[in-house]
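Dear colleague,

I am handing over the structure that follows, and below it you will find notes on what was found.

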Amino acid sequence: TTADLAGQTSAGARLLAAARAVIPGGVNSATRLVGPPHALTAASGAYVTDADGRRYLDYHAAFGAILLGHAAPEVDEAVRAAVGGLDLVGWGVTEPEVELARLVTETIPSAEQMISTMSGSEATAQAVRLSRAVTGRPLIVKFQGGFHGWHDAVARNVISAPDRAYGSDPLSGGILPEALGSTLIAEFNDLDSVRALYEAHPDRIAAVIMEPIPHNVGALVPSREFVEGLRALTTERGSLLIFDEVITGFRHALGGYQQICGVLPDLTTFGKAMGNGYPIAGLAGPRRLMEHFSSAGGDVLLAGTFNGNPVSSAAAIATIEYLRGHPDFYERTHALGDRMRAGLDAACAELGIAGTAAGFGGVFALYFAESPIRGYRDLMRNDDAAYVAFHRRMTERGFLMLPLTLKRNHISAAHTAEDVDRTLEAARDVLRTIRDD
Ligand code: PMP
């Protein structure tokens, strides 16, 4: 409680107690806090420092917004250069937003045009509305386990308890039943579950929205038949296919997961890593769809005071230019991810723990369940209590990971093989004590 925290001597606990007086719960996004460290005060490269001076190797990476490491010099310099010139004018066009759109459309295979937003949620909200306007249809399909932001059309059915999975499992109060009824839930990697929704709702589905790799439940990697089948099915049924690449975009490949799998969506959303920590996101697609926005004379409202602002645009331009100039970034982070996964699997096997390291590229997750894990149904076998214990003990040892069971962790340009090996050594110790408990 606040009173308990205020009595503590730790600087982090005191700051959190002060926060709780003026910010509900003390944090500005509900999943930011599950225990110590209560407050972080500095971040550089692969490390963050808490209010009490403890350093943590950071795999949390601001939920994946950090890709090049904290305070990447290339990005910070671009932001510094942007400040003091043109701040925000709200009239006409500015050079940085054009440069960013040019870079993104050159980089993302399915993108001919893009709009800039400030957050991934805004980008997916625009994608959903655009697909309804273009098709004249009301319904959206999302997958159990996919997260696409906090707005009404998508804020449901992410990490659901078994009795709520696939049913109506809103993440929030205040969502109208009509909104909940307008989003249908399918099973990832199961094309038949999507086909069944088309059979039940012919000519009423505007779009299927998916994380190409659902990293909001760790890492379910799609089978080739599944993505190719979805592409064919949505086209045949006159719906749009939306890839929500807010996590995968720029992180797994410069052109996102679509570049890796070779299947092109109609619309793509991205955010997080594209600005290496600065607020920016976007929606891209072909001109024939994007010109439905009111800025081009269409009927889909495009508005946003901060959209395309010069400072966020500068951060994103610098991030993308860094990635273009360092193609070895992907080789390196993928190799470190492979090293982490192999090490975690080996530790579990050696210690007789039912664990499975999952992931893709520099993203890794540890499930406390036997493989194979292909879809959400398999994730229901996860031993959540084991993960919670693992997470707490890794934090105590100075490794910051996502606090939620079934979430992923991120390797950035600033992480080294030595960091990974040190993590594996600690993980092995922690797993041994979990087994011995
Ligand atoms: N889509 C995905 C795949 C995400 O992971 C997130 C954020 N976790 C969002 C959308 C929403 O982005 P934001 O938090 O920037 O609104």
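Val141 has Val208, in E7, as its bridge partner, and the two strands concerned, E5 (residues 139-143) and E7 (residues 205-210), run parallel and are joined by three bridges. Please note that this is a predicted model, in which local features need pLDDT of at least 70 and side-chain atom pairs count only at pLDDT 80 or more, while totals for chains, interfaces and linings use all residues. Residues are numbered from 1 along each chain as its sequence is written.

Helices (H or I, at least four residues) and strands (E, at least two) are DSSP runs, numbered from the N terminus, and two strands pair if DSSP finds at least two bridges between them. Both E5 and E7 belong to an open sheet of seven strands, ordered E4-E10-E9-E8-E7-E5-E6 with mixed pairing, whose edge strands, E4 (113-117) and E6 (183-186), each pair on one side only.

Helix H15 (residues 384-396) packs with helix H16 (residues 417-436) at an angle of about 135°, their axes lying 10 Å apart; axes are lines fitted to C-alpha atoms, for helices over the stretch in contact, and angles run from 0 to 180 degrees between N-to-C directions. That angle makes H15 oblique to H16, given that angles under 35 degrees count as roughly parallel, over 145 as roughly antiparallel, 65 to 115 as roughly perpendicular and the rest as oblique. In the contact (C-beta atoms, placed from the backbone, within 7 Å), Ala386, Ala389, Phe390, Arg393 and Met394 of H15 meet Ala426, Ala427, Val430, Thr433 and Ile434 of H16.

Best regards

Notes. Contact = placed C-beta atoms within 7 Å.
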